[in-house]
Amino acid sequence: MKTIHLTYPLSAGILREHAGPQIVAIGQFDGVHQGHASVIGSAVRLARQEGVPSAVMTFHPHPKDVMKKGNYEGSLTPLPEKQELLAGLGVDVLYVVEFSEAFSKLSPQEFAEGMLLSLGVRTAIVGFDFRFGHKGAGDAEMLRELGQGKMSVEIIPPFEQGGGKVSSSEIRKALHGGDLEQANRLLGRPYRLRGVVIDGDKRGRTIGFATANLRLLDQYVVPAKGVYAVRSFIEGEWIPGVMNLGVKPTFQENVAAPSFEVHLLDFDRDIYGEQMIVDLVSYIRPERKFPSIQELIAQIRSDAETAGKILSLSK
């Protein structure tokens with residue numbers, strides 16, 4: 001998959017190199033969840049049928065972050081993660097449109113003509129709730145009208161599961177509430193974090209449970225504080241483990257920013273400075289303060305055993 005960064009207005013060079021018949025799925029696609037996959041999959045299938053490239057057009061940074069509207073806290077899938085997932089769905093081209101305050105003021109007509117028709121988009125594939133242009137003035141039906149007979153528009157109905165619509169907001173809600181099972185079901189895969197292993201306080205090693213302290217590589221949606229069964233990809237292999245996400249109340253007070261500490265089962269190598277992928281498989285329990293170090297150690301041992309059983313059953 002080729003990734004192309006676009007700014008408005010499109011340059012002559014971009015148009016020379018990339019304009020031509022193509023099928024484009026348009027949306028933010030944060031999470032690349034099962035609903036998004038139904039939109040993107042439609043674009044890929046149609047493109048294969050018509051013998052033209054399939055493309056996805058997304059926006060970066062996240063519009064809510066740029067416009068400071070709502071309680072934007074981060075992404076379910078930051079751009080590098082999104083690129084991997086889209087490539088796995090068979091997308092040929094990813095257009096990453098620079099989203100700025102100026103871009104947010106484009107009229108629906110300016111967006112349709114300047115970004116889609118000028119690229120030669122043959123068919124735009126959008127979700128049922130697609131909005132575009134200044135203050136979301138345009139919808140899918142308006143986009144169809146603005147296509148001027150040169151660009152058709154296919155509207156994909158909502159993807160439902162368990163009687164409800166799959167959406168990024170529902171996934172965020174589930175993560176915040178500690179319902180990792182629901183979040184992963186809506187995503188269609190385990191929720192994933194990426195980070196670099198950094199120096200921590202090394203307290204875990206003194207109590208017999210060495211941990212890898214992670215600095216996240218992007219601004220992620222942070223799940224509920226607690227203990228998770230995880231699989232971590234490090235140095236070329238997947239290792240089962242248990243992660244504590246929280247503020248370590250047994251050892252410290254008045255700490256706001258959570259830490260991400262992963263204890264890898266049956267693993268003892270120096271991995272400082274290494275990048276690590278962490279897939280959250282199951283939520284074991286909330287974080288809590290223990291009255292003694294001995295009780296904490298006993299609970300960590302129990303958590304590690306629980307994680308091992310969960311992960312052996314979920315292979």
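Student: What makes the largest nonpolar core here, and which residues have the most contacts inside it?

Tutor: This is a predicted model, and its largest nonpolar core has 32 residues, with Tyr191, Met243, Met276 and Leu280 having the most contacts inside it. Helix 8, helix 9 and strands 11 to 16 each supply at least two residues of this core. Helix 9 gives the largest share, 4 residues. To belong, a residue must be buried and joined to others through side-chain atoms within 4.5 Å.

Student: Which residues does Leu280 touch?

Tutor: Leaving out residues up to four places away in sequence, its partners include Leu180, Tyr191, Leu193, Val230 and Met243. There is also a second, separate core of 31 residues, with Met115, Leu143, Met151 and Val153 among them.

Student: How do you know which strands close into a barrel, and in what order?

Tutor: Follow the pairing: 6 strands close up in the order 11-12-15-14-13-16, and the pairing is antiparallel. On average, neighbouring strands are turned by 45° against each other, direction ignored.

Student: What makes strand 11 and strand 16 a pair?

Tutor: Pairing takes at least two bridges. Strand 11 and strand 16 have 6 bridges, in the antiparallel sense, so they count as a pair. Gly195 stands opposite Met276 in strand 16.

Student: Which helices lie against those strands?

Tutor: Helix 9 packs on the sheet, touching strands 11, 13 and 16, and its direction makes about 125° with that of strand 16. Helix 11 lies across strands 13, 14 and 16, at about 100° to strand 16.

Student: Why are the buried residues of helix 8 said to be on the same side?

Tutor: Those residues are Ser168, Ile171, Arg172, Ala174 and Leu175. They cover an arc of only 165° around the axis, so they sit on the same side of helix 8. Among the elements covering them are helix 2, helix 9 and strand 11.

Student: Why is Asp30 called buried?

Tutor: Buried means under 20% relative accessible area. Asp30 has 5% relative accessibility, so Asp30 counts as buried. You'll find Asp30 in the loop between strand 2 and helix 2.

Conventions. Residues are numbered from 1 along each chain as its sequence is written. This is a predicted model: local features need pLDDT of at least 70, side-chain atom pairs count only at pLDDT 80 or more; totals for chains, interfaces and linings use all residues. Side-chain values use heavy atoms; hydrogens and water are left out. Buried means under 20% relative accessible area, exposed over 50%, partly exposed in between (1.4 Å probe, protein chains only). The arc is that of the directions from the helix axis to the C-beta atoms. Contact means heavy atoms within 4.5 Å. Axes are lines fitted to C-alpha atoms, for helices over the stretch in contact, and angles run from 0 to 180 degrees between N-to-C directions.
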